[in-house]
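Reader: I'm new to this. Can you walk me through a sheet and a cavity?

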Amino acid sequence: MNIYFACSITGGRDFEYVYQMIVKALTGDGHEVPTAHLAESAVMALEAVINPREVYSRDVTWIRASDVLIAEASAPSHGVGYEIGFALGLGKPVLALYQEGCKVSKMISGNPDPKLFVRTYQEPEQAIEQIREFISQVSDAL
């Protein structure tokens, strides 16, 4: 499956370890993750040399080509919110995960779109379980 993984970059990297665990699990399960580099510690330097229009064009191309979007939404991020909305607008299934106790925009948590799945987790391993369950659920419909 081609999976667009969305996570905070400029909004904060407090959950970087979780991002890395998620990407490792996805690629380990054989999925294609074009945004895997976003989980890397050096992502700020990697992305700093690309102009904003190129990032936008690249990312929307990747979202269009993806089967699903999985977002780790524990850290507030304009980009992640935009990517979730963009994917839903294309009719893509979206899983938005966040760590229990974190505040998530009500535009995400209150969205009734049947293709949006919002889940919480306590430990990164639970996030990975939620992801595998989501992939199993939506893969039948793809």
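Author: We'll take the sheet, then the cavity. This is a predicted model, where local features need pLDDT of at least 70, side-chain atom pairs count only at pLDDT 80 or more, and totals for chains, interfaces and linings use all residues. Residues are numbered from 1 along each chain as its sequence is written, and side-chain values use heavy atoms, leaving out hydrogens and water.

Reader: How many bridges join β3 to β4?

Author: There are 6, with β3 covering residues 94-99. In this pair, Leu-95 stands opposite Phe-117 of β4.

Reader: And what lines the largest cavity?

Author: A cavity is a set of points on a 1 Å grid over the protein atoms alone where a 1.4 Å probe fits but cannot get out; lining residues have an atom within 4 Å of a point. The lining is Leu-95, Phe-117, Arg-119, Gln-130, Glu-133, Phe-134 and Gln-137. Helix α6 (124-139), an H or I run of at least four residues, gives the largest share, 4 residues. The space inside is about 30 Å³, the volume being what probe spheres set on the points fill, with points joined across faces, edges and corners.

Methods. Two strands pair if DSSP finds at least two bridges between them. Helices (H or I, at least four residues) and strands (E, at least two) are DSSP runs, numbered from the N terminus. On a 1 Å grid over the protein atoms alone, a cavity is a set of points where a 1.4 Å probe fits but cannot get out, and a pocket is an open set with protein on both sides within 12 Å along at least five of seven lines; lining residues have an atom within 4 Å of a point.
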